[in-house]
Structure formats: structure tokens, C-alpha cells
Amino acid sequence: MEKHHINALKEIVGEENVLTSAEDLYCYSYDATPGHSHMPDAVVSPANTMETSQILKLANDNCIPVYTRGSGTNLSAGCVPTKGGIVLLMTRLNKILEVDLENLVAVAEPGVIVADLNKEIATLGLIYPPDPGTVATATLGGTVAENAGGLRGLKYGVSKHYIMGLEVVLANGDIMNTGGKNVKDVSGYDMTKLFTGSEGTLCVITKIITKLVPAPEAKKAMMAIFKDLDNAGKAVSAIIAAKIIPATLEIMDNATIRTVEDYAKVGLPLDAQAVLLIEVDGNPIVVEKEAEKVMEALKANHADFVQIAKDDAERDKLWAARRAALPALAKLRPTTYVEDATVPRNKVPDFLRAVSSIAKANNVTIGTFGHAGDGNMHPTIVCDIRQPEEMKRVYKAMDEMFSAAIELGGTLSGEHGIGLGKLPWMEQQHGPVTMNAMKSIKRALDPNLILNPGKLVGEC
Amino acid sequence: MTDKITAKDINEQDKTLLADLQDALANCMKCGNCMEVCPVYKEVGKEAAVARGKLSLMEGVLKGAIPLSAAFDTAMSKCVSCKACTAKCPCGVPADELILRGRQAAVKARGLHPIKKKVFALLKNRQLFDFSLRMAGIFGPLNFKKLPGKMASLARFPMPGMDYKRVTAPFASTPLRNQYPEVIKVDKPKMRVGFFTGCTINYMYTDVGQSVLNVLKENNIEVTMPSLQHCCGTPVYMSGDVDSAKILAKHNIEVFDEYNFDYIVSACGSCTEAFRIEFPHLFHDEPRMKEMTERLAKKTYEISEFLIDVVKIDKSKLGPVNTTVTLHDPCHMARGIKVTKQPREVLKSIPGLKFVEMKQPDRCCGSGGSFSLGNYELSRKINDKKIADIASTNADLVATSCGTCRMHLMDGLHQNKLDKNALHVIQLLDQSYQAGHKK
Ligand SMILES: Cc1cc2nc3c(=O)[nH]c(=O)nc-3n(C[C@H](O)[C@H](O)[C@H](O)COP(=O)(O)OP(=O)(O)OC[C@H]3O[C@@H](n4cnc5c(N)ncnc54)[C@H](O)[C@@H]3O)c2cc1C
Ligand code: SF4
Ligand code: SF4
Ligand code: SF4
């Protein structure tokens, strides 16, 4: 980028909203993905849609790459400015514009922190369900662009199930609206869904219309410990077959159990092959009934230990183990890869077994936990990225892991997105025809390839 | 001064300062969880302000990707050392301490902030320090306009390093330790404690010191205030000037070790933390000092903690204090020495006192020791959030357990035109004992 481009950017957003010092640039060279870092030429934070549009027009006319950024917590190198250029920081657009109680929708800017939206609507008895592990820091824009999910995914789905409309700025600076407040809306291609999960490669999101849902009145949490992995798998299937869709249905494998126990001493048996944590929510009467049925399913499938939380304090205790999973694993070694391979839910035990044998074969440490109910697993690899020999084994293990997921009919990502991290396996999952179609969409909407170039669909 | 000092230059001077940080920094997984809690980031909104950014900058310097520049110093200085990031971090990265290490490197490279340099030079000379602060106490009334009814005053003339409008505590005309004999005797004492007054209580908030002495006397405890004690060195340490901090620490340790007290008490979370955590840390590789500091560390207590956990005060002697109180937890109480229950228990045992919790009692007030000296505007913004939280409780006054917090809260209450007082927890307990006598 040249000096006059920087000056032009300063004209648009004001001097103080363009960062160019080496120190500031270095601070925007990374996101939460290990092993990716590249310096941008400038960090620009617009105040509104108009400024965003002007920045994009300038970038497009001069073929300057643009990497849109929320809080930079993504795990797929989505914000890393691999080709330099502009990091477009959206955090100043942070207003909740409207909470429409009659239509149960909220309209918000992309820089709003997801938890802040939830705080705002909690008093109205409403929730916005997508809740990634980072809800307290991630932006609405970032979660929509990543199609983020979370613990409640099984019952409530991921971001795309709640996004009703968007205002976006296209690569050339044009401002475009999609969807709206209509509950039923089948007019034209579903551009809202296309942009949700587009990971900053097709547009910059500047306004978001979300669906809100009534907060569940009651919740009930249960835990079951299994010495046999297959029994845990059967229990999951039995719960679903009993026509119960818990809000959460989490699993931890043996490696995770041992690490958590070592770190948080929550009282899990070290020889357990799986721990299931289940939470049902909704109407109090229904919740009681469902909890009973879940307990029956757990016992019928030979759970070695079951417990149901009587009150909030007990619920917190049950959750402690799951909450400790990532921290406990992350503390083992300097580098932590939280992967996101997903399989059909009846294949969860097969996948867990595959991961554990891949870990053994390659001599790497992998603990798997995740959302058993929707098959979204987080095999978490801990290693030291500074050890080249170890990293060779790690990459090989990753390769085998993703292949295993795809072979089981799974997908590369249940919620974290593709970015750069999972790009190498995209073709394997989707095949050349789909990849080509995706690239055509990219080229049509962003002909100069300035938006997050090289990510998600690769080089075009 | 040149802008091109590299990690290599520093490491040539001091082989260990930055190099052994590498492993600690590698443990940061850049998850950004610290963004949620960092009060500085909430105001500044830039990555360089949050722990993740600061740790990355250190990494960058170590890798040689960026120089150890003035901008690096500035980034490191924008931290109130509130420890919120460390408490939040899923990977157990002690970010606040690592940032201090970054400051040390910066200080090594280019010296201290000029104002701090002056203040710290003064601090190191105990007699001169004592003399100047006493002079300030005597001539203080000329310089400060007293705010009616409160331990607060407004600087009339700009002081070096002080914002013109800023409310500070008046310097005492007679420092606490000059108001009393060194040993304050009681009949048949049940124990002997040494009182580490810290500089704030000795020179400014003598009212807190008086309350501590009254309360200990009520509990039949003999108190000694060693006359040669000096500032604990926390502000110096926090600014990255470790060598000076060690001088102050060593002095205090040697002074207190002479007396062989049953316990050492202080009425400030930071002072307690200094004795309990920082001193042993500073001397971890000097066997004689290490043994001494560890011995002292074990018997050091913050006053509320001491009264509740060790003394187990007799609550039947307490009389009514009819007021509504909310409590601010100083960072170094909440996350440093992890004492939050005891001050609440003290307040809740006072008859007539209505205790209301604010929403985020342990969120930093923005004072951050000497942080507010160099970053007053920023520290005010952080403080405004605290004041709003206090205001929303409708309490008559806010209690806390740290002098610098009290001062910063007073300033904030004044700037926000709230007619409320800020007191130390122990002052309310003292009032309650006095009311008890009148019963
Ligand atoms: C410890 C940890 C746990 C996590 N747990 C979960 C989880 O449970 N579920 C889950 O789904 N994710 C999880 N994540 C991943 C991450 O938090 C989510 O992807 C989150 O949505 C990212 O939000 P952000 O604001 O940080 O976005 P960023 O990281 O800043 O950006 C993410 C992507 O969106 C693009 N983008 C950002 N803003 C815009 C915009 N306004 N317009 C267009 N594109 C934009 C960026 O270019 C980038 O490609 C976790 C991450 C960590 C570190
Ligand atoms: S310091 Fe801790 S909380 Fe902050 S980014 Fe690093 S690992 Fe995450
Ligand atoms: S210690 Fe406090 S101010 Fe400093 S980086 Fe951590 S959270 Fe922010
Ligand atoms: S912590 Fe603060 S009040 Fe306590 S002695 Fe040190 S400087 Fe003085």
C-alpha cells in the first residue's frame, strides 16, 4: 500500500482510526488460530456503513486486500491478513439499534458483543441462542460471518437459524440489503444465508437482523459416566429416539477426563471412557418429564453412574467438568488447536475411537470433547509449535483425523468455519464441482478478489 | 533517544530479562478471553491495550519482528495491573506479571517516565521522603482547598504529575506514626502485632490508621508501628523499576524481622500482597532473604482478614451505625491475596448497617497505584464506570480496603458530583465499637 492510500483512508475515517505503527500492526497480525501471523499495512476502523463503503471502494479500485475483523477470536485464521493490506476493524459499530418485541427481532451493528445483546434482552425474557465458547468477547458480526454455534446447538442450531436479514457492503463499496423482519420470506436466492458463514470473503456485514426466542423457563442438568464408549453412544441415540431434544448433550473422552480430573479434581473416575452431560430446558413440567426419560435412557444403556442436579449449585457443579475441558487441555502444552470436525451423531463413538488411535499412532496428545448430540466434536491437540519434529506428527494426525471424519460422512466444520485452517481438506469433502461453484460465487461478488483472499474457497 | 533498541541489545545487557519469558508467552493461546475483563481495553478499544496484544508485542520484540520502541513502552504502561486477565485466562497465563516484565525491559532500555523518576528517587531516601511528605502536610493547606466534611482536597495549584482538577487526600499535618508512641500497650495483651502502615495511611489517611489502632485495642492486642518502616515499594515495582523495589523491600523485611511479632497487619490489600507474595518472589534466589521473607509472609494479614480469621472478634460489643453501605473490592484484595469475604463479614456484623452489593464490586476502580499518575484521563474513564455502579446501589457511602482506591473513588465521586463519602471498612467497624460504648 502506498502513502496516498493511507492518507485517503485517514480522510474517510479520521486520523485516529487508522493505525500504521509497527506495534499496532503487529497486534492485528494474528487471531486465535495457532501458527498464522502476517503484518497488515494498515488497521482501519470505520464508524458506520458509509465509511465502510468508502473504504471498500478505495480498496477495490486499488486492488488492496481487506481482512474484516471483529474480536479476532476465530480458530480458522479468518482475520489473518495473509497478503498485507487493510485489517478492517468493525468494533466501533457497536450499537443495538432496535429490539422489536412485536416481531421478536433485534437489529444490531456487527461490533456488538454477543453476550451484551443477551444481557440487553434478558430482562425481556428473550434469548439469542448462538453461544460460542467466546460469547463474552466475540462480536455479532464475527459470529454471523463464521456461522458460529455453541453449546445449545443441538436444540437451537447455529447462527444461520437466527439471521433474518443483513445489510452488507459488497467488495466494490455497494450497499445491499437482504431479508428483513418477515418470518416467511422466500423471495429470490437466499442471500442472507449465503452471507451468513461467508467468513469475510463475500462482503462486509454492517447490520444484522436477528430472530429472538423466549428464554426457557426451566433447566435441568444431568451427568452420566460410562466405562464403555459404545454404551455412551447408545445412550445418546436412545435419548434422541425417545424424541427428546436436549438443549445440550456434551461428551468428553477418556483423555479429556483424565486431564480435567488432574487439573480441577471434580471427582471423575480415571478409567471412564466417556462422560455425558445433558441439559433439558423449556416449560417446567415438560422439563421434569424429559429429565426423567433421559435418566431412564442413561440407565437402560448401562451408565455406570448418573446424577441429576437438584438446584443451581448442583447444576454448576456438573458443568464444572465440561467448563474445565479446554482450560485443562490448554494448560498441558504451549500450543492448542481446538479442532471442529463433525460427524453424524450415531458415528460419535467411531470417531472418538478413530481419534484416539490416530493420537497413539502419531504420538501426539489429543483430548476430545464436544457436542455429542449434534456430532460436533472438538478434538483438541496440544503441542509446541516451536518443535518442528513434533509438528510434523501433529499435521499428520490432523490430516488423518479430518479424513476419518469425512469418511464417516462428516464435515470439516460444525461451527468454527474453514478459513485457512481447514482449506486443505475442502476439495476432499466437497469435490471439484462444488468447489468450482463456490469459487464462481466468490468471483462474481468480488471480481478483484480483495475480500479475505485465499480463504474458505482458496485462490480463485 | 533512539527508537531502535532491540531485544538483542537488551539481552546483551541482561541475559535473563526477556529471554526466559519466551515459554511463558508461548502459553498464551490468543483466545482473547482477557478482552472481556480488561478495563483498559474496554476504554481504549485497541488490541495493544488488552493482555493478548501486550503479550504478543513482547513476543514480537523477542522474535525481533518489532523494536523495543517508545510505542512499546506506552503499550506496556497502559495496564492498571488489576489482574483481571490473569484470573480469567483459561491457560493460566500470568499476564499481569508478564506485562510488568515488559515494563522492566522498557525501563532498562530507556528509563522511567520523568515524573515517576522524580517520585521514586524521593521514595528511595526514607528520611528525605518522610521530611517532604511532612512538609506537604504542614504546608498542604496552602496548596489544597479542603472539601468540607471529607478526607479530600482539591489541588489549587498544579502539582507535578497531578491533574489540576484532581481530588487527593490532604497530607496529614502530623503523620500517623508521629501521633503515637512506637508501641501502643494494652493490659495483658492477647497478642503482639506489628502494624505496617504503608505510606498512604501514614502520611494521608491517618484516620484509617487511627481506626486500626482503636479496633485492635478494643480486641486487647498490643500494636507496634516500627518507626523505621518505609513504603512497601509496590508502585516502584509496578513501574518496572525492580532494583529500587528490592531496596525498599529488603529494608522493610529487615526492620520487621527484628521485632519477632506474633502477626503483622496492614490495612491495605497491596501492602499485604507485597509482604505475602511479592517480597518472597523478589528474593526467591537469595536464600537468607528468602527464609526471612517467607517467615514474615506467613504471619502477615490484611486487617479485616485478621479480625475475622485470626482474632475472631466479639460481635456483641458492636453498636449501631445506621447507614447504607456498598463495598468496592480492591484488585489486589480480590485477585492478589483473594480476600473478599472478610470485609463483607465485618460490614455485615455491624448492627444498623445495611449492606448492598454493587453489580461488579471487584472491577478495577482505575487507580492502579501509580498508573493514574501517568494516565489520569484513562484512569478517570475507568473510574466513571465504577462510580456509576456505586451510584446505582443508592448506598450512602462506599467502603473499601485500600488507600489509593479510596482516594480515586473520592476523586470520582467528586468529579461525578455525587455527595457520597468513601471510607475504609475498618473505619465503620471503629464507629461501631464507639457506638457500642455509648450503649
Ligand atoms: C476458546 C475458544 C472457544 C470457541 N468456542 C466456539 C464455539 O463454541 N462455537 C463456535 O462457533 N466458535 C467458537 N470459537 C470460535 C470463535 O469464537 C467464533 O468463530 C466467533 O464467532 C468469532 O467472532 P469474532 O468477533 O472474534 O470474529 P473474528 O474472529 O474477528 O472474525 C471471524 C471471521 O468473520 C469475519 N468477519 C468478522 N466480522 C465481520 C463482518 N462484520 N462482516 C464480514 N465478515 C466479518 C472475519 O473476516 C473472519 O473471517 C471459539 C474460539 C475460541 C478461541
Ligand atoms: S492471556 Fe490468556 S485469556 Fe488472554 S488471550 Fe492469552 S490465553 Fe487468552
Ligand atoms: S492487569 Fe488488568 S489492565 Fe492490565 S492487561 Fe490485565 S486486565 Fe488489562
Ligand atoms: S501498597 Fe500503596 S499504600 Fe501500601 S505501602 Fe505500598 S504504596 Fe503505600
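Trainee: How many residues does the contact take from chain A and from chain B?

Mentor: Contact just means heavy atoms within 4.5 Å. Here 26 residues come from chain A and 31 residues from chain B. Keep in mind that this is a predicted model, where local features need pLDDT of at least 70, side-chain atom pairs count only at pLDDT 80 or more, and totals for chains, interfaces and linings use all residues. Residues are numbered from 1 along each chain as its sequence is written, chains are lettered from A and ligands numbered from 1 in the order written, and side-chain values use heavy atoms, leaving out hydrogens and water.

Trainee: What area do chain A and chain B bury between them?

Mentor: Buried area is the accessible area (1.4 Å probe) that two parts lose on being put together, summed over both. For this pair the figure is about 2,200 Å², with 60% of it on carbon and sulfur atoms. On chain A's side, A:Glu23, A:Tyr26 and A:Tyr30 supply 28% of the area buried against chain B, more than any other three residues.

Trainee: How many salt bridges are counted between chain A and chain B?

Mentor: The rule wants a side-chain nitrogen of Lys or Arg within 4 Å of a carboxyl oxygen of Asp or Glu. That gives two between these chains. A:Arg69 forms a salt bridge with B:Glu47, their closest N and O atoms lying 3.6 Å apart.

Trainee: Which element of chain A gives the most to the side that touches chain B?

Mentor: Helices (H or I, at least four residues) and strands (E, at least two) are DSSP runs, numbered from the N terminus. Three elements of chain A give two or more residues to that side: helix 2 (22-26), helix 11 (312-330) and strand 16 (335-338). Helix 2 of chain A gives the most, with four residues.

Trainee: Now the helix packing: at what angle do helix 8 and helix 10 of chain A cross?

Mentor: Axes are lines fitted to C-alpha atoms, for helices over the stretch in contact, and angles run from 0 to 180 degrees between N-to-C directions. Helix 8 (residues 229-241) and helix 10 (residues 284-300) of chain A cross at roughly 145°, and their axes come within 9 Å. In that contact A:Ala235, A:Ala238 and A:Ile239 of helix 8 meet A:Val294, A:Ala297 and A:Leu298 of helix 10.

Trainee: And where is A:Pro216 found?

Mentor: Look in the loop between strand 11 (213-214) and strand 12 (218-226) of chain A. Not counting residues up to four places away in sequence, A:Pro216 touches A:Ile127, A:Tyr156, A:Asp281 and A:Gly282.
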